[in-house]
Structure formats: structure tokens, C-alpha cells
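Biologist: I am new to this structure and would like to learn how to read it. Please take the features one by one.

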Amino acid sequence: MTALRLFLHILAASVWVGGQIVLAGLVPTARTLGPDAPKAVAAAFNRIAWPAFGLAVLTGLWNLMAIDLGDLPHPWVELHLLAVVLTAIGAAVHTQAKGNKAMLAVGGAMSSLFAVAAMYLGVLVTTNVG
């Protein structure tokens, strides 16, 4: 079960983080297809990304339950959880921007940067390298 739990967590995190990176690269091309194309591409991405984020959160909690509380690598686990919360907030701001360019930019940047940070901190938590 450990291998399955970790596989599902890494897969979900890869979709969330990698998808944001890929989407950032596709947006300029999508803009050339018409004014509504980026919004349509983002909506399609959200149908995949948010369930992946949910799976990452659930399997992350499952991962925490598999570790003895005394063995949690502090402060990496707390920083990881903070990055997860901040990527979700950034993504929610971006999703709710309704055309507000500042909210789109801040939310997108926040979500992407904290997603990458969460992935890196997840490696530190898992390997207890910190």
C-alpha cells in the first residue's frame, strides 16, 4: 500500500504542478486562436487539475497518517503544508479573477510558485533530508 499511496500522491502532484507549467506555455498560443480560447483551455485544465489537487491532498493526509508523529521532519512538513494551502489560495484567486488582470497574474504566479515549492518540500518531507 505504501507504493500505491506514494504513486498516487506523486501522480496527482505532477498533474497539478506540471499542468500549470504546461498551461503557462500554451496560453500565448491559445491567445492566437481567439479571445475566448485561453478561458476555454483554462476551464478544461481545471476539470483535470482540481481533482488532481484533491487527490494530492487526500493522499498527503494518508501519507501523514502513515508516519509516527514523533518522526515528522520539522519544520519541513509545516512549510510543505503552508505551500499547499498557498498554492490552493493562489489558484482560487486566479480562477475567480473574472477578467481582472491583476488577480489573474497574482493568483497564477502565486499558485505556480507555491506549487513548485510544495513539490520540493514534499521531497524533503518524504526523504527527511532537511
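Biologist: How many helices and strands does the secondary structure of the protein chain come to?

Modeller: Helices (H or I, at least four residues) and strands (E, at least two) are DSSP runs, numbered from the N terminus. Here the protein chain has 4 helices and 0 strands, and its elements run α-α-α-α from the N terminus on. This is a predicted model, in which local features need pLDDT of at least 70 and side-chain atom pairs count only at pLDDT 80 or more, while totals for chains, interfaces and linings use all residues. Residues are numbered from 1 along each chain as its sequence is written, and side-chain values use heavy atoms, with hydrogens and water left out.

Biologist: What box do the C-alpha atoms of the protein chain fill?

Modeller: Taken along the principal axes, the box is roughly 55 × 25 × 20 Å.

Biologist: What percentage of the 130 residues count as buried?

Modeller: Buried means under 20% relative accessible area, exposed over 50%, and partly exposed in between (1.4 Å probe, protein chains only). In this protein chain 29% of the 130 residues count as buried.

Biologist: Which residues form the largest nonpolar core?

Modeller: In soluble globular proteins, nonpolar side chains tend to be buried together. A nonpolar core is a set of buried Ala, Val, Leu, Ile, Met, Phe, Trp, Tyr and Cys residues joined through side-chain atoms within 4.5 Å. The largest one here has 9 residues: Trp16, Val17, Leu23, Phe45, Ala49, Phe53, Ala88, Ala91 and Ala115. At least two residues of this core come from each of helix H1 (2-32), helix H2 (37-65) and helix H3 (76-95).

Biologist: Which residues does Trp16 touch?

Modeller: Contact means heavy atoms within 4.5 Å. Not counting residues up to four places away in sequence, Trp16 touches Phe45, Ala49, Trp50, Ala52, Phe53, Thr87, Ala91, Ser111 and Ala115.

Biologist: Is Ala12 buried or exposed?

Modeller: Ala12, found in helix H1, is buried, with a relative accessible area of 2%. Leaving aside neighbours within four places in sequence, Ala12 is in contact with Ala52, Leu55 and Ala56. The C-alpha atoms of Ala12 and Ala49 are separated by 8.4 Å, though these residues are 37 apart along the chain. His9 is also found in helix H1 and is buried, at 18%. Beyond four places in sequence, the residues that His9 touches are Ala56, Thr59, Gly60 and Asn63.

Biologist: At what angle do the axes of H3 and H4 cross?

Modeller: Two packed helices are described by the angle between their axes and the distance between the axes. Axes are lines fitted to C-alpha atoms, for helices over the stretch in contact, and angles run from 0 to 180 degrees between N-to-C directions. The axes of H3 and helix H4 (residues 101-127) come within 7 Å and cross at roughly 155°. That makes H3 roughly antiparallel to H4, a term for angles over 145 degrees. By class, their contact has 19 nonpolar, 8 polar and no charged residues. Ala, Val, Leu, Ile, Met, Phe, Trp, Tyr, Cys and Pro count as nonpolar, Asp, Glu, Lys and Arg as charged, and the others, Gly among them, as polar.

Biologist: Which peptide bond is cis?

Modeller: The bond from His74 to Pro75 is cis, with omega near 0°. Pro75 lies in the loop between H2 and H3.

Biologist: What is phi of Lys98?

Modeller: Phi of Lys98 is near 50°, a positive value in a residue other than glycine. Lys98 is placed in the loop between H3 and H4 and counts as exposed, at 72% relative accessibility.

Notes: Parallel < 35°, antiparallel > 145°, perpendicular 65-115°, else oblique.
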